[in-house]
Amino acid sequence: MKSALFCTSRYLGPAKPGVWPVPADTYSTDIAERSYQTTLEQFRLADEVNFDWVTVAEHHFAPFSLTPNPMVFAGALTQVVKKAKIALLGASIPILNPIRVAEEMAMLDTLTGGRIVAGMLRGTGNEYVTYNLNPAESRARFEEALQLIRYAWTQTQPFAWQGRFFQYRSICIWPRPVQQPHPPIYMSASSPESGEFAARNKLGIGFAFTPSPQAATAADHYRKQAKLNDWEPKPEDIIFRIAVHVADTDEQALADLEEAARQPAHLGVSTANRAVESVVAGTGYYGRDVEGQRGRLFARGDLKQRVANGQILLGSVETVWKQIQDLKNMMGCGVLDFTLATQLGSRTLHAIELIGEKIAPRMREI
Amino acid sequence: MARKATKKAAKKAVQKYAKKPAKKIVKKAAKAVKKSAKKVARTVAKAPAKKTTAKKPAARKASNGNGGFKERTVKADGFTIRYAEAGKGDVLISIHGAGGMRISPAHELLAKTYRVIVFEVPGFGTSPANTRSATMAELAASMNKAIAALGIKKFSLMGNSFGAKLVSWMAVQAPDTLQALLLVAPAAIRHDRPRVVANSPEEELKLFHAHPERIARRPAPKKDILDKQQALVRRLIGPPRDAALEDQLKEMKVPTLALFGTVDRVTPSDAAYLYREIIPNCHIGMIYDAAHAIDVDRPEAVSEIVSDFIERQEKFLVTGESGVIHP
């Protein structure tokens, strides 16, 4: 089992809660710069303590994440992270220019000597507002963009593309990916349709903001669909992203998290604007499991409930190790993408050290 | 004009496509969410986001099987050759694949802009068995004579699959007559690997069509006709890498566009680079989500790029479409 560290590059200052897009009237350039430096420092440490991956993500117009273009941040990481794979989890490909995505990921793969993991996501519903696209077309755009990126990576002669949503007359990207035929591709598979698409196309999957029982059900669906398509996913084909905080004792970990909860959390990117979310839901964006998909996004509760629901790994090394084993048994995931649940300076860095030095080595054995 | 007409048709089809509705209304997410969402939904209901329709891929109108094409015959090189014709303008000659002559939805779209002539190769359909053409080169010469017999001096030439090999031979024999060469799901240059075989009508449907719902219904050819056609194809198709043809293609300067379906398993797109490497002025087009019957699966996409290429050849690389949203 592999360990990954995910840091959203959260803006470490105050901002208006419960809205999206978030007004920037409280924005401080100094705080933003410090936020980036904090993230870089955390990723540097993760690499030093032998995390297998570090991961970045794409979100827009909110202090939840200061990486609207994760490629740019990954570019900086190539100069900081020297051993771990850099996972783009991911690029929201339906709202982007797929050729640009193919080029940027190929650049990163070259800069890292083949250490890129290519996550390709649909993005959260609100992100269709970002670049003024219709969320009803999200899935179809996603599927086409993914195939186009694959072609861009593998075709060595210039070619035109006649898609439904994308049209180009001549494509031949430079640089080319180091990993052949291309970097490993992962996509979200929390919805049944996504699991089926991933299985048909032999792609890895990942879950984020998904309670573990729901993710386990979706992972099982993916494996069954893969079997129908005559292949069997490896554990490493399944990533589970989960919030984490580890301290020297269970009590300290809980106290830290309670303290962190009093800070500006900047959560709810996809749900902060109820008007947008509601309209997006009405377009068919969520697919056939509307209730389940919306439910997972809105799933909240107090800290203890969230730990019990498998939404946070919390406690001492031994406690978290037990929780990880439970997760592994429940869904068979091969990569845990640890999301930092706190930003508490040295205590957060200590959590990274504990995971990297005490937990990750055990994970490699299972 | 050509691009405008086909683009409009393509846009319309795309709008019909792709959208799936939420099959059921959201009953509840979390209780708080439900309340909030309902309230918001009421608020935004008066001005909802542009709702896309929920139709399945547009089933193409079956028409009468010939899409307004009129059938005629022409005598050439000792053959009486059937052809179907529609439209006005520059001439586009089309040669069918191993399955025989058919008017495809792409033909119908192209006939809005071009004088489209779809030939039936001697030995296909109800024509007598063709035992006279000893090689593809000979058959190509006969087809070029048929075109000349119609008084056509300059034209674009399109071939599907087996027909792409035939038009490749026609092109190398008479390059000066051509405005553009269009190879659709071409079997002219192939990797040397076992052919994918369908073992049932259902498998065959899936093998040739990514979107069988778009097939216009027409009577299935009779077995004796199919057997006759298959025998002719097997006799003439030649090796996957046909040195005699490739040597001449390397010298041919005709602007060429080779189109591949991204889910075609009969002539997969992984052979595309060979066309580019061998034919000096060849461009490659990937037709997304199309199987071997590209022009049935995505006729709008095919006709748009074909029209653009006929009209502008190499210049088609540079778009002339405006990006202005509001002046």
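**Aromatic rings and a helix pair in a predicted model**

The secondary structure of chain B comes to 11 helices and eight strands, where helices (H or I, at least four residues) and strands (E, at least two) are DSSP runs numbered from the N terminus. This is a predicted model, in which local features need pLDDT of at least 70 and side-chain atom pairs count only at pLDDT 80 or more, while totals for chains, interfaces and linings use all residues. Residues are numbered from 1 along each chain as its sequence is written, chains are lettered from A and ligands numbered from 1 in the order in which they are written, and side-chain values use heavy atoms, with hydrogens and water left out.

Of the 327 residues in chain B, 50% are buried, a term for under 20% relative accessible area, with exposed meaning over 50% and partly exposed in between (1.4 Å probe, protein chains only).

A search of the whole structure finds 18 aromatic pairs over all chains; rings of Phe, Tyr and Trp (its six-membered ring) pair if their centres lie within 6.5 Å, and planes under 30 degrees apart count as stacked, over 60 as edge-to-face and the rest as tilted. One of these pairs, Tyr11(A) with Tyr27(A), is stacked, at 5.5 Å centre to centre and with 15 degrees between the planes. Both tyrosines lie in the loop between strand 1 (2-6) and helix 1 (29-48) of chain A, so the pair ties together parts that are 16 residues apart in sequence. Tyr11(A) is buried, with a relative accessible area of 3%, whereas Tyr27(A), at 46% relative accessibility, counts as partly exposed. In chain B, the rings of Phe309(B) and Phe316(B) have their centres 5.1 Å apart and their planes at 85 degrees, so this pair is edge-to-face, and both residues are buried. Tyr151(A), Phe159(A), Trp161(A) and Tyr288(B) form one aromatic cluster.

The axes of helix 2 (residues 70-77) and helix 3 (residues 98-111) of chain A come within 10 Å and cross at roughly 10 degrees, the axes being lines fitted to C-alpha atoms over the stretch in contact, with angles running from 0 to 180 degrees between N-to-C directions. The two helices are therefore roughly parallel to each other, as angles under 35 degrees count as roughly parallel, over 145 as roughly antiparallel, 65 to 115 as roughly perpendicular and the rest as oblique. Met71(A), Ala74(A) and Gly75(A) in helix 2 meet Val101(A), Glu104(A), Met105(A) and Leu108(A) in helix 3, contact meaning heavy atoms within 4.5 Å.
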